[in-house]
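The sequence and structure come first.

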Number of protein chains: 6
Amino acid sequence: MTEYDVITLGETMLRLTPPGFRRIEQATGFDIEVGGSESNTAIGLARLGLRVAWLSRLTDNPLGRLIASTIARHGVDTAHVVWTRADRVGLYFLEEGKAPRGSRVVYDRAHSAMSRMTAAKLPAELFQAHGARLLHLTGITPALSGDAAATAQRALELGRAAGWTISFDLNYRGQLWSPAAAQAGCDAFALAADLLFAPLDDIRLLYALEPDASAEAALAALAARYPQTTVVLTMGDQGVIGCAPGGTAQRQPAFLAEPVGRIGGGDAFVAGFLYGYLTAQTTEERLQRSLQWGAAVAALKYSIPGDAPLVDRSEVEALLAQGTGKMALQR
Amino acid sequence: MTEYDVITLGETMLRLTPPGFRRIEQATGFDIEVGGSESNTAIGLARLGLRVAWLSRLTDNPLGRLIASTIARHGVDTAHVVWTRADRVGLYFLEEGKAPRGSRVVYDRAHSAMSRMTAAKLPAELFQAHGARLLHLTGITPALSGDAAATAQRALELGRAAGWTISFDLNYRGQLWSPAAAQAGCDAFALAADLLFAPLDDIRLLYALEPDASAEAALAALAARYPQTTVVLTMGDQGVIGCAPGGTAQRQPAFLAEPVGRIGGGDAFVAGFLYGYLTAQTTEERLQRSLQWGAAVAALKYSIPGDAPLVDRSEVEALLAQGTGKMALQR
Amino acid sequence: MTEYDVITLGETMLRLTPPGFRRIEQATGFDIEVGGSESNTAIGLARLGLRVAWLSRLTDNPLGRLIASTIARHGVDTAHVVWTRADRVGLYFLEEGKAPRGSRVVYDRAHSAMSRMTAAKLPAELFQAHGARLLHLTGITPALSGDAAATAQRALELGRAAGWTISFDLNYRGQLWSPAAAQAGCDAFALAADLLFAPLDDIRLLYALEPDASAEAALAALAARYPQTTVVLTMGDQGVIGCAPGGTAQRQPAFLAEPVGRIGGGDAFVAGFLYGYLTAQTTEERLQRSLQWGAAVAALKYSIPGDAPLVDRSEVEALLAQGTGKMALQR
Amino acid sequence: MTEYDVITLGETMLRLTPPGFRRIEQATGFDIEVGGSESNTAIGLARLGLRVAWLSRLTDNPLGRLIASTIARHGVDTAHVVWTRADRVGLYFLEEGKAPRGSRVVYDRAHSAMSRMTAAKLPAELFQAHGARLLHLTGITPALSGDAAATAQRALELGRAAGWTISFDLNYRGQLWSPAAAQAGCDAFALAADLLFAPLDDIRLLYALEPDASAEAALAALAARYPQTTVVLTMGDQGVIGCAPGGTAQRQPAFLAEPVGRIGGGDAFVAGFLYGYLTAQTTEERLQRSLQWGAAVAALKYSIPGDAPLVDRSEVEALLAQGTGKMALQR
Amino acid sequence: MTEYDVITLGETMLRLTPPGFRRIEQATGFDIEVGGSESNTAIGLARLGLRVAWLSRLTDNPLGRLIASTIARHGVDTAHVVWTRADRVGLYFLEEGKAPRGSRVVYDRAHSAMSRMTAAKLPAELFQAHGARLLHLTGITPALSGDAAATAQRALELGRAAGWTISFDLNYRGQLWSPAAAQAGCDAFALAADLLFAPLDDIRLLYALEPDASAEAALAALAARYPQTTVVLTMGDQGVIGCAPGGTAQRQPAFLAEPVGRIGGGDAFVAGFLYGYLTAQTTEERLQRSLQWGAAVAALKYSIPGDAPLVDRSEVEALLAQGTGKMALQR
Amino acid sequence: MTEYDVITLGETMLRLTPPGFRRIEQATGFDIEVGGSESNTAIGLARLGLRVAWLSRLTDNPLGRLIASTIARHGVDTAHVVWTRADRVGLYFLEEGKAPRGSRVVYDRAHSAMSRMTAAKLPAELFQAHGARLLHLTGITPALSGDAAATAQRALELGRAAGWTISFDLNYRGQLWSPAAAQAGCDAFALAADLLFAPLDDIRLLYALEPDASAEAALAALAARYPQTTVVLTMGDQGVIGCAPGGTAQRQPAFLAEPVGRIGGGDAFVAGFLYGYLTAQTTEERLQRSLQWGAAVAALKYSIPGDAPLVDRSEVEALLAQGTGKMALQR
């Protein structure tokens with residue numbers, strides 16, 4: 001039985017993007033990327049050196065195989081993916097913008113194979129005490145469909161039963177559900193989490209805080225409802241803030257970045273954070289180390305086209321050693 | 001009230017093709033084309049000089065608008081398209097092959113806006129005695145869904161009521177329905193048609209003829225069942241054969257072609273045929289002229305990337321005058 | 001008789017640009033765009049929802065047809081274009097620069113079909129009282145040739161006779177004529193205009209003001225000479241200033257933009273301005289509303305490759321509602 | 001301990017090809033492929049469903065990682081690759097030609113990491129009785145260097161000691177060594193082989209047969225020297241011929257193909273052959289079945305850009321069922 | 001004073017081609033090539049090892065410099081080009097076709113700098129007894145304009161006065177002048193030539209022979225009018241035929257070719273012929289050798305994208321040694 | 001005997017870069033550029049109008065010829081390059097980064113033809129009193145190999161013997177040698193130089209100064225050791241500082257630039273400096289003029305893709321006249 005450091009579950013799509021900031025209406029071709037929040041994180045973790053399995057359901061056609069092989073090439077184990085002849089492969093179209101035109105996503109993910117994955121299809125044999133150390137889920141999966149929500153819920157229960165650490169990234173998607181529905185749909189996951197990630201803006205929105213509620217206020221609100229979990233709030237250029245149960249909030253500034261690929265930055269943050277968390281030597285250093293690794297991997301991701309954080313551990317270490325700013329040309 | 005020569009109805013999709021005969025699993029980008037049997041024919045007719053309207057239902061997002069504007073740029077009237085915020089834009093992925101690997105289509109057209117178009121959404125005001133001269137439908141529309149089938153059926157009834165010529169291209173799609181279902185689903189259209197188009201191979205398959213039944217035998221079988229219609233059977237490199245009700249079969253050889261874009265050849269044939277048909281001076285010359293124009297437009301289409309026959313009338317005339325072979329470089 | 005909101009007249013060229021900021025001497029390929037000041041504005045107006053016709057003269061070859069169909073696909077009526085077998089299609093080569101190297105245009109527009117359009121070729125039947133509401137001309141047309149100047153002059157006379165609003169964009173092109181010639185050549189248009197657009201810098205140059213003359217001084221100079229027209233001066237990052245006859249100057253700041261396509265920004269401004277102008281509910285709000293719409297459409301244009309403002313009305317409204325800054329990713 | 005069906009060892013390079021049949025002197029860019037005879041075969045075998053490990057030595061830089069991850073994505077186990085900071089990644093430049101200009105390879109593989117792999121670096125733990133069923137080597141490895149030759153020799157000895165089937169593809173490379181040197185350098189492998197592959201032309205050249213010696217004559221010459229092995233000679237369009245020890249020669253015609261990617265056809269043949277061989281139900285059918293699978297996989301490979309046979313088992317089965325000719329478009 | 005083997009004079013244009021057999025109306029980009037009959041020949045000669053100067057007149061802008069530097073990189077001396085700030089750089093648009101659609105050229109060369117080159121601008125100092133050995137002109141230059149015709153005429157006179165061999169390629173361009181005008185305009189050149197090249201078809205057309213007049217009949221007709229010159233007639237796939245004054249006709253079959261770049265094949269033939277001619281050891285072998293070299297260089301050119309014969313002498317020698325057919329892959 | 005203004009010697013490589021800031025591990029293609037410090041400078045000088053010869057050793061294959069013809073097209077004389085059938089063409093792979101990920105170079109230049117050039121291969125006939133005015137060498141050549149170091153040393157001796165000005169750019173490459181080795185290996189060149197260029201950072205590193213030693217301190221250290229030479233230190237955004245023997249330091253600020261191609265900026269600076277130096281009218285203006293030209297050419301280079309400064313003299317003059325900032329669009 002292979003053992004993993006991290007198991008994750010979620011939907012991954014083909015991303016189709018017109019090159020050169022062209023609008024879709026101007027497009028004559030699409031660049032292809034493969035993206036999904038959980039598989040992005042999985043790729044980051046695998047490249048940093050952990051053993052990771054990604055669970056999902058995919059249509060067995062060339063599009064589905066393109067997704068799986070792209071994830072596998074970075075060292076993620078895709079052997080447990082559930083394959084089907086039915087349903088379809090989810091797509092999303094990204095129209096990259098420049099100010100004042102924001103980037104725009106056109107989802108075409110309805111009726112996807114993952115949205116129709118039932119709990120019974122979970123590879124139960126993996127969910128054993130020694131199967132893994134940490135289960136990572138996001139709020140996208142319960143947003144996809146009732147089936148997907150039940151599958152994520154079942155994975156959560158199995159993971160907890162096995163004694164694994166539970167990581168949950170709220171990952172609110174306004175095109176999939178309303179703030180209220182998202183709050184309700186994510187509640188069980190947040191209540192069971194050991195690690196809870198979310199953008200501060202989304203917390204304000206989902207938990208009906210003041211639009212300018214401070215990060216500390218948001219942390220307090222979450223601690224009141226989810227006292228058992230470490231909470232990490234991301235704030236874009238303002239960096240991140242994290243707080244362990246009963247602990248004090250710790251801040252980590254963002255690294256300077258000139259983004260060429262913003263999509264996937266949050267997933268990269270989680271990958272870095274989880275790597276830092278799982279490799280920490282002591283509990284004392286754990287949160288700060290995790291925040292640093294998260295911020296560094298996210299910043300490096302911004303410089304990389306596509307959705308996944310194609311970084312090496314040595315690059316992250318070099319960035320952490322340097323502090324900030326662009327690294328010089330080495331030749 | 002604008003008058004049209006031809007009105008047509010059908011689904012058009014974005015076609016995504018990896019360049020350079022790459023497999024989808026190797027793809028890093030897709031070339032974008034816009035293709036649909038009826039709009040391909042409509043574009044051919046408009047470029048040849050007829051007034052054409054294309055009816056359909058499209059999702060109002062950048063993908064849908066890309067489809068409509070691409071069809072409109074070639075002179076087809078898209079003002080009567082039904083727009084919706086719901087459903088999705090149909091896609092198909094084309095993996096171009098070389099022998100012995102055949103080209104392969106992966107459809108992703110389920111749940112499309114056109115498949116959910118109801119008869120009530122037909123722009124009834126167009127279906128008047130003077131709205132048009134000819135209605136062109138294909139067997140793809142009834143294959144899409146019950147809604148689409150009912151919509152096509154309703155268009156057929158309206159067109160007949162207005163006294164228009166009815167053109168029907170069987171266009172069997174084995175990924176959408178079985179031969180038996182196709183035969184049943186197309187029957188009403190074939191029974192009402194004035195012009196009926198089909199590949200000989202598909203007639204053998206749908207009407208359970210011998211696999212090597214001759215073209216004449218197929219014509220006879222169709223004449224027995226659909227005595228009212230002119231029947232045109234395409235036979236690839238073997239050219240085409242056509243027969244008017246009670247007439248004698250006429251053959252037209254294929255023009256020599258080195259294909260760079262096979263998709264849409266049948267639709268181009270129909271465009272050429274209908275142009276020849278609608279512009280014939282006498283009934284005597286009509287069928288032969290139509291077959292010639294069909295064969296010439298189809299051959300030219302093969303030389304053009306994408307799905308639509310982007311030809312000019314002068315080019316077709318030059319090819320008809322020359323007979324066959326590649327035209328010389330003019331400089 | 002179709003009625004239009006706006007009719008415009010001018011030359012449109014193929015734009016050929018080496019990708020990736022390459023110099024022409026390094027180029028191995030050119031990206032193709034279609035650009036002309038008046039057709040850029042026409043496309044913007046059509047996309048915003050107005051009925052627009054673009055008049056011009058084009059050589060009937062594939063290059064000319066590429067221009068016309070590209071303009072038509074965005075909803076502009078090109079049915080009144082005058083086609084000829086003679087002359088040539090105008091081209092311009094754009095070498096995109098980054099500081100300190102400025103972008104550079106190499107014109108190849110001499111001997112173009114439009115430069116040889118005579119007044120007699122104007123589709124006189126359009127120039128009726130109910131043919132349109134507004135005629136838009138620019139200073140490029142009189143700069144092209146004597147024929148083109150006479151044609152623009154004749155259009156002006158016909159438009160005024162029909163009682164239309166006259167819009168004139170000075171659009172000085174230093175490669176086509178000298179400041180003095182431009183001032184003289186544009187004078188009749190400015191004297192007849194209801195709306196006069198120009199960059200402040202060009203006004204300083206053509207009207208021999210001090211190089212650092214203030215916008216107010218320039219407005220005063222123009223008001224003295226052209227008291228009948230609203231004047232709008234654009235000042236790049238400094239925004240715009242406008243003044244109605246006898247009114248007070250109103251300023252509109254520029255929206256923040258990270259340009260990927262600067263060419264056509266001025267034409268986009270005019271499109272936005274004219275849309276705001278023609279859709280204003282009251283005279284009181286008209287100038288300010290027009291300036292806002294102009295600034296917003298121009299800023300959005302900067303984010304779009306190519307020459308034309310491929311924006312939607314809803315995007316402009318969202319930007320106006322938001323004020324400034326880049327819009328967030330919606331997903 | 002993972003068990004494999006096939007283990008192979010060899011050098012894989014980045015292939016750089018100017019697109020569109022351009023000469024290298026005209027090139028402005030290179031398409032990147034990953035190619036090596038043994039890894040091409042390994043990819044084919046893995047896609048057909050066997051468990052395959054590829055052994056090699058690679059420089060640990062982005063080029064080396066690109067090679068390994070590209071091979072891994074198709075399901076080949078690359079975990080046993082030996083990584084080094086020293087040496088370089090082999091390259092080859094392919095200038096694709098059309099008649100009368102032949103395709104041309106410019107090797108840049110000297111000093112590569114694989115050419116400096118010593119026998120001591122072989123992962124000895126794999127070479128156990130149950131480690132695998134078949135070892136596949138080619139004549140390229142002994143041609144690379146003395147180190148590489150000794151490493152291949154050692155692998156051969158280990159494989160034989162473990163009782164595995166030994167497959168050897170002569171794969172003569174005229175740019176690496178002379179015919180005489182190749183004959184001498186390959187002799188030990190041929191003497192130990194159970195399966196020996198070579199183009200007929202190369203056998204004529206290396207074994208100093210008449211230039212027009214028949215296939216039967218070549219088989220006889222090889223049987224005299226290497227009586228223990230099945231011999232398979234490929235003859236391009238003329239198909240293949242094979243003969244088991246003491247058996248009678250069997251011929252398999254080539255499948256019709258319109259090549260878009262000739263490179264790797266021989267490796268694809270071996271992949272198909274070995275799949276047929278290892279999955280044969282009876283000894284009687286084995287040789288013919290292997291020849292058929294080899295010919296079919298090779299023909300499909302010709303239609304696929306790049307070096308590796310990216311085929312599915314179902315495609316091969318369909319081609320075998322059909323016999324020959326291009327498969328029809330399925331839609 | 002540099003000495004040359006060959007001096008040539010003519011117009012060279014930028015060639016703009018939509019990739020992938022797209023029509024210009026479908027194009028989103030153009031590939032850039034540099035092409036002119038005389039400079040194509042000059043490049044071929046320089047690559048084969050002769051010293052060549054190309055004379056022309058070019059506009060001094062990035063387009064003109066792109067032309068000159070592209071010609072110079074292959075070893076042709078462009079130091080004597082006449083530069084001007086006036087006029088324009090000639091262009092031509094190539095729409096590559098596949099049967100039955102022929103390739104199509106849209107010229108945009110009117111008003112070019114070369115068409116306005118006057119005889120006075122010829123670098124007279126080059127036209128000395130030892131300046132060169134051979135002057136090569138084509139029938140395109142007199143077709144461009146009266147100025148260009150007079151310039152070519154003056155070059156002819158100077159070359160003859162210096163005792164150089166005169167080579168003249170009729171190169172009829174139907175878009176530039178009529179057959180009758182071409183015959184008249186080329187007469188003086190043909191009357192002065194030592195070497196006269198033309199396609200057989202063009203001779204039939206210009207000299208009003210029967211459309212199916214034999215090559216021998218055409219040779220006889222030309223010998224009657226131009227008895228002083230060797231005549232070489234090209235006949236496409238049928239090879240070439242040549243006849244020296246008073247000699248017997250010699251035929252050379254064409255080499256097998258799968259063309260990827262037909263444009264420039266005739267110019268390549270002339271380059272090969274002139275190389276063979278100027279390097280012949282004896283008069284006896286000269287014509288046959290020249291025909292062979294011409295046919296071989298032309299065949300190789302067909303395999304090369306762009307207009308110029310980017311071949312090496314060793315490749316031509318290998319092809320001549322081999323005879324025909326595609327050369328094998330060397331690796 | 002041709003006379004040159006500048007002769008330079010060095011290695012030039014093919015540069016392969018994944019487009020769009022992609023990592024090499026993501027790459028599917030490489031853009032090709034040609035780059036070498038000395039040939040970059042040579043190209044800049046030739047474009048500015050000087051007569052320049054570039055000496056090197058290249059493998060005679062298509063890669064080597066691509067390098068030579070690319071350099072030649074910009075007017076540099078490559079006739080003295082030493083060609084060999086042995087060795088290989090140096091390559092480097094550039095992974096362009098955005099902050100915080102720095103650009104990264106993967107060298108693949110070991111075993112190159114230039115690294116094996118011996119002093120005996122220097123074209124001694126060029127090294128005469130009137131052969132040239134200035135010899136330019138860099139610290140890369142002695143870093144390549146002992147052979148290359150000896151060749152550079154011999155060139156230095158010959159140049160000095162001929163009385164030429166000696167220019168030396170330290171150009172430290174940390175991937176080729178250590179700071180200490182570089183200091184030792186460059187010492188003889190610096191001791192013989194009339195012009196010595198280096199980045200301030202490299203001087204601090206090689207001469208073991210304090211990491212934050214001032215430019216003045218570095219100048220003083222260098223003046224103490226190399227009193228005979230003018231020293232020019234580049235400081236990135238901080239501009240440059242130069243000091244003639246016994247003179248006072250002069251500073252030149254950097255021109256504003258938005259880099260699209262940073263590689264080659266230092267070589268461009270040297271080209272501009274040397275042009276200014278060699279064309280100065282008086283000794284008084286020489287250093288300041290040289291610094292200005294150097295800074296201007298470097299800034300323009302930053303805006304140009306590839307390694308070489310493809311600028312025109314008129315552009316530099318316009319930038320010098322303007323001072324700073326981006327030049328306006330001219331149209």
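Predicted model: local features only at pLDDT ≥ 70, side-chain atom pairs only at ≥ 80, totals over all residues.

Residues are numbered from 1 along each chain as its sequence is written, chains are lettered from A and ligands numbered from 1 in the order in which they are written, and side-chain values use heavy atoms, with hydrogens and water left out.

**Cavities**

There are 17 cavities of 30 Å³ or more in the structure. A cavity is a set of points, on a 1 Å grid over the protein atoms alone, where a 1.4 Å probe fits but cannot get out; lining residues have an atom within 4 Å of a point. Volume is the space filled by probe spheres set on the points, which are joined across faces, edges and corners.

The largest cavity holds about 710 Å³. Its lining comprises 36 residues, of which A:Arg73, B:Gln26, B:Thr28, D:Arg73 and F:Thr28 are the closest to the centre. Strand E3 (29–35) and helix H2 (62–72) of chain A, and strand E3 (29–35) and helix H2 (62–72) of chain D, are the elements that each give two or more residues to this lining. Helices (H or I, at least four residues) and strands (E, at least two) are DSSP runs, numbered from the N terminus. The lining has 16 nonpolar, ten polar and ten charged residues; Ala, Val, Leu, Ile, Met, Phe, Trp, Tyr, Cys and Pro count as nonpolar, Asp, Glu, Lys and Arg as charged, and the others, Gly among them, as polar.

**Interfaces of chain F**

The table uses contact (heavy atoms within 4.5 Å) and buried area (accessible area, 1.4 Å probe, lost on putting two parts together, summed over both).

| Interface | Residues in contact | Buried area |
|---|---|---|
| chain A and chain F | 24 of chain A, 21 of chain F | about 2000 Å² |
| chain D and chain F | 23 of chain D, 22 of chain F | about 2100 Å² |

Carbon and sulfur atoms give 51% of the area between chain A and chain F, and 65% of that between chain D and chain F. On the chain D side, D:Glu25, D:Phe30 and D:Pro62 lose the most area to chain F, together 26% of what that side buries.

Salt bridges (a side-chain nitrogen of Lys or Arg within 4 Å of a carboxyl oxygen of Asp or Glu) number three between chain A and chain F and four between chain D and chain F. A:Arg47 pairs with F:Glu25 in a salt bridge at 3.1 Å, N to O, and D:Asp108 with F:Arg88 in a salt bridge at 2.6 Å between the closest N and O atoms.

Conventions:
1 Å grid on protein atoms, 1.4 Å probe; cavity = no way out; pocket = protein on both sides within 12 Å on 5 of 7 lines; lining within 4 Å.
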